[in-house]
Amino acid sequence: MPPSSPTLRTITRDQHCISRKNISPNALRVLYRLNEAGFGAYLVGGAVRDLLLGEQPKDYDVATDATPEQVKQLFRNCRLIGRRFRLAHVMFGSEIIEVATFRSNSDDGSGQREIDNGRLVRDNIYGSIEEDAVRRDFTANALYYAIADFSVLDYVGGYDDVMARVLRLIGDPERRYREDPVRMLRAVRLAAKLDFSIEPASAKPVPELAPLLGEASNARLFDESLKLFLAGHGARGFELLEHYRLLPALLPDTAAALELDASGLCRELVMKALRNSDARIAEDRSVTPAFLFAALLWPAYAQDLQTLLQQGHDLAVAEQRAADRVTLRQTSRIAIPRRFSQPMHEIWWMQSRFSQRQQRKRVFRLLAHPRFRAAFDFLELRASAVPELQEEYLWWQRAQGMTPDELAASLPGKTPARRQPKATEKITAADAQEGSGEAATRSPRRRRRSRKPAVPAE
Ligand code: ATP
Ligand code: MG
């Protein structure tokens, strides 16, 4: 359907399954208030799609013909944000309802819309609801739930596509991807998350246009990557990235390392990490971006490290250099904040320390490291892909179950001259914190880090 001539299909309340019972009360409050003030008020985007699928939306977007300033006047708890898109955020404690004024995709010459080399950089032209619908990415994301009569308005055939679980770009796919290459990543992410297929004409240009993703803002790619890998469908998302040849654009070093790794062990490690994260999310357990990126970039780090060691560098120098190089190159694509890249380095650094089990002091120091748990989980991951690491993994697992005295007795060398917990105590997090102080005074790497604020246990 050409985007310039959308025809409206109204799906009335008795023809669809969306009930107000399943909509956030705060979103309903915003919709009703706008409506009472005489403005159009619609739930739009992912929330309508998810409600039609019988899923619980994770956030709610509202579209209206009120300008952001008019929205602000209606709500005390409202903040205006954004440059590229000017939006109103209505805040209810931790829940934010995003309210956007209908926008148009056509340039009226006012300078409110900036296109740079085929790409949208600023987009603040207000428009009609039809225009707002056709500037969205997928038909499934362009449905409007009207609070006035509880109907769903469909200008682009999105209702049938949701029912058929199909992702279809609105308009000419190639032009829409060129306009915003992140839409290619969104296609893969939504296909993985919703278990939708990507309609052939929307899928076809992706492998060829994939390199354009490298020009997208690295901050946006960080946000989209977290949504792709840490929202419960990361393993499927990764497979789709490979299938559509998006991996070299998003994680170039990882893609190159996987290509070189004939054994397939590196890919297995990455897939295992993603499956573990998916399983943890399904159980409502936390997952950390540091661990995720440690796994995603491990193939590149391990290969770089190997090369540097072969060139004759010391282990410590080679580790530092490989970690710095891989991180520097990756952050030009995905802006991984330091609060995640720092612990990622520590997880990597500890992997080679796990094989050093001869000296008591080193063993205690490693157990006391604040990142021990994450690094040990990473060792478990490596051991599940590489059988030779099983023994090492089991050794460290046993060590954690011992009291400090039992552990000290099982190791050669002197007992470390610091306060020893009672013989009956297991080695605890408190011991770990205490021990990390000792490590901090000994290792230059730790000393530098110790000035930084603590990394949140996200
Ligand atoms: P999720 O459920 O994962 O949040 P979503 O579809 O709601 O998925 P958002 O990033 O929250 O994704 O975007 C909200 C809506 O904004 C989308 O449903 C879509 O209509 C529109 N949108 C988002 N990104 C784009 C884009 N790059 N181009 C066009 N429209 C977009
Ligand atoms: Mg959303």
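## Terms and model

A polar contact is a pair of N or O atoms within 3.5 Å. Within protein, one atom must be able to donate a hydrogen and the other to accept it, and sequence-adjacent residues count only if both atoms are side-chain atoms.

This is a predicted model: local features need pLDDT of at least 70, side-chain atom pairs count only at pLDDT 80 or more, and totals for chains, interfaces and linings use all residues. Residues are numbered from 1 along each chain as its sequence is written, chains are lettered from A and ligands numbered from 1 in written order, and side-chain values use heavy atoms, without hydrogens or water.

## Contacts

R189 places a side-chain N or O atom 2.7 Å from an oxygen atom of ligand 1. For K193, the corresponding distance to a ligand 1 oxygen is 2.9 Å. A polar side-chain atom of K227 lies 3.4 Å from an oxygen of ligand 1.

## Shell

Ligand 1 is surrounded by 18 residues (a heavy atom within 4 Å). The closest are K58, D180, R183, R189 and K193. By class, 14 are charged, three polar and one nonpolar.

α7 (182-194) gives the largest share, five residues. Domain 1 (1-171) and domain 2 (177-250), with bounds from an automatic or database assignment, both contribute to the shell, so ligand 1 lies between them.

Conventions:
Helix = DSSP H or I, 4+ residues; strand = E, 2+ residues; numbered from the N terminus. Nonpolar A, V, L, I, M, F, W, Y, C, P; charged D, E, K, R; others polar.
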